[in-house]
Amino acid sequence: MLSYLQRTGVIVKSRYARRGTLAVLAWVFDFIPIDAASLDSIASMAAEIRRLFERGTNLLIFPEGSRSVSGRVLPFRNAGFRLAIEEGRPVVPVIIHSTAPFMSKSFASFYPREPLEYRLRFLPPEWPVAGERAEEMASRVHRLMARELRELDRGTVW
């Protein structure tokens, strides 16, 4: 996905930012490590995000905060939406749709038996609505993405 995005930082879990290939990517690109259990880490992440925005860099957040076992969409966390509201920035939903679970918590999803086809779909920007809370924006974007995924599963969107 990063090959389609220019000037984009990514929030990643701290433990991934220290491992192999991701550690190299984190060093070369604007990967922002986060340990959600650490207030210092959260504060550091917030400061780094604001520096990225000042430089005109976008931010990629996976709002679920984790991968699912089934490959289905999990509930969204509110932090990214809170940031969008505070900064007055849009959220651009991105759908990753595949013929089988891809990079889920299932070992088989990393080594599928059949060739895997996946597509990225960039949806129109979703701007914060005046007076909207982060939970409401997260729910609105989640519903939008779930609807798109249902259409993709039916094969009607591409």
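**Helix packing and a salt bridge**

Trainee: How do the axes of α3 and α4 lie, oblique or parallel?

Mentor: The axes of α3 and α4 come within 13 Å and cross at roughly 50 degrees (axes are lines fitted to C-alpha atoms over the stretch in contact, with angles from 0 to 180 degrees between N-to-C directions). This is a predicted model, where local features need pLDDT of at least 70 and side-chain atom pairs pLDDT 80 or more, while totals for chains, interfaces and linings use all residues. Residues are numbered from 1 along each chain as its sequence is written, and side-chain values use heavy atoms, without hydrogens and water. Angles under 35 degrees count as roughly parallel, over 145 as roughly antiparallel, 65 to 115 as roughly perpendicular and the rest as oblique, so α3 and α4 are oblique.

Trainee: Which residues of α4 make the contact with α3?

Mentor: Good one to look up in the structure! From α3 come Ile49, Arg50 and Phe53 (contact means heavy atoms within 4.5 Å). Their partners in α4 are Leu83, Glu86 and Glu87.

Trainee: At what angle do α4 and α5 pack?

Mentor: Helix α4 covers residues 79-87 and helix α5 covers residues 134-154 (helices are DSSP runs of H or I, at least four residues, and strands of E, at least two, numbered from the N terminus). Their axes are 8 Å apart. The two helices are therefore roughly perpendicular to each other, with an angle of about 115 degrees.

Trainee: And which residues of α5 are in contact with α4?

Mentor: On the α4 side, you will find Phe81, Arg82, Ala84 and Ile85. They meet α5 through Ala134, Glu135, Met137, Ala138 and Val141.

Trainee: What is the N to O distance in the salt bridge of Arg51 and Glu48?

Mentor: Both residues lie in helix α3 (residues 39-54), three residues apart, about one turn of the helix. A salt bridge is a side-chain nitrogen of Lys or Arg within 4 Å of a carboxyl oxygen of Asp or Glu. For the side chains of Arg51 and Glu48, the N to O distance is 2.9 Å.
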